[in-house]
Amino acid sequence: QVQLVESGGGLVQAGGSLTLSCVASGSTFSIDTMKWYRQAPGNERELVATISSGGITNYAGSVKGRFTISRDNAKNTVYLQMNSLKPEDTAVYFCYCDVRSPPDWGTRGYWGQGTQVTVSS
C-alpha cells in the first residue's frame, strides 16, 4: 500500500505564489507518472500538470507559463510551483501517482487527500 500526502496549500492574494508538495510513502514501490489535479466547487476534477518518470512535463493551457511541476525521485516527492496566481486557481489540489509495487509490480493509481488553495482578489 502507498500513501500520498499533500502539503503547502493556503490563502494567497492574486499575483502571489505557492508551492505544493506531495510525498509518497510505503514499503516497496516505484513511481512512474506523477500528476496534479484540481477541483473547484461545482466543477469536475481537471488535470493541471503531468511529469513522467523521465521528467517530461505537460500542462493545462490555463496554467502554462505560470505553474511548474517537478519531482525528486530520491524523496518520492512531486512539487507544483504556482506563480502569478489568479482567483480562478482557487480549488482543492490533488496529487496522483502511477505506482508499481509487489507482488506483481503492476501499475496502480493512488490519490492524495487534497490540499486547499484559495486565491483572493
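Predicted model: local features only at pLDDT ≥ 70, side-chain atom pairs only at ≥ 80, totals over all residues.
Student: How many aromatic pairs turn up in the whole structure?
Tutor: Four, when the whole structure is searched. In one of them, the ring centres of Tyr37 and Tyr96 are 6.3 Å apart, with 80° between the planes.

Student: What makes Tyr37 and Tyr96 a pair, and what kind of pair are they?
Tutor: Ring centres have to lie within 6.5 Å, and 6.3 Å passes that test, so Tyr37 and Tyr96 pair. Planes over 60 degrees apart count as edge-to-face, so with 80° this pair is edge-to-face.

Student: Why can we say that Tyr37 and Tyr96 tie parts of the chain together?
Tutor: Tyr37 sits in strand β4, residues 30-39, while Tyr96 belongs to strand β9, residues 91-101. The parts they tie together are therefore 59 residues apart in sequence.

Student: What do we call the pair of Tyr37 and Trp111?
Tutor: That pair is tilted, with 4.9 Å from centre to centre and 55° between the planes. Stacked needs under 30 degrees and edge-to-face needs over 60, so 55° leaves Tyr37 and Trp111 with tilted.

Student: How many residues apart in sequence are the parts that Tyr37 and Trp111 tie together?
Tutor: They are 74 residues apart, because Tyr37 is in β4 and Trp111 is in strand β10, residues 106-111. Tyr37 and Trp111 also share one aromatic cluster with Phe94 and Tyr96.

Student: Which rings does Arg45 lie over?
Tutor: One is the ring of Phe94, where the charged end of Arg45 is 3.7 Å from the centre. Arg45 also lies over the face of Trp111, at 4.6 Å from the ring centre. The distance part of the rule asks for within 6 Å, so 3.7 Å and 4.6 Å both pass it.

Student: Now the cysteines. What makes Cys22 and Cys95 a disulfide?
Tutor: Their sulfur atoms are 1.9 Å apart. The cut-off is within 2.5 Å, so Cys22 and Cys95 qualify. The count comes to one disulfide by this rule. There are 40° about the S-S bond, and the link is right-handed.

Student: Where in the chain do Cys22 and Cys95 lie?
Tutor: Cys22 lies in strand β3, residues 18-26, and Cys95 lies in β9, so the linked parts are 73 residues apart in sequence. Both cysteines are buried.

Student: Which strands form the open sheet, and in what order?
Tutor: The order is β1-β3-β8-β7, with antiparallel pairing.

Student: Why do β1 and β7 count as standing at the edges?
Tutor: Each has a single partner strand, so one side of β1 and one side of β7 (67-72) has no neighbour in the sheet.

Student: How do you know that β1 and β3 pair?
Tutor: Two strands need at least two bridges, and β1 and β3 have six, so they pair. Leu4, for instance, stands opposite Ala24 in β3. The pairing of β3 with β8, residues 77-82, also runs over six bridges.

Student: Last one: is Gln1 buried or exposed?
Tutor: Gln1 has a relative accessible area of 68%. Exposed means over 50%, so Gln1 is exposed. Gln1 lies in the segment before β1. Leaving out residues up to four places away in sequence, Gln1 still touches Ser25, Gly26, Ser27 and Tyr110.

Methods. Residues numbered from 1 in each chain as written. Heavy atoms only, no water. Phe/Tyr/Trp six-rings, centres within 6.5 Å; stacked < 30°, edge-to-face > 60°. Helix = DSSP H or I, 4+ residues; strand = E, 2+ residues; numbered from the N terminus. Lys NZ or Arg CZ within 6 Å of the ring centre and 35° of its normal. Buried < 20%, exposed > 50% of the residue type's maximum accessible area, 1.4 Å probe, protein only. Contact = heavy atoms within 4.5 Å.
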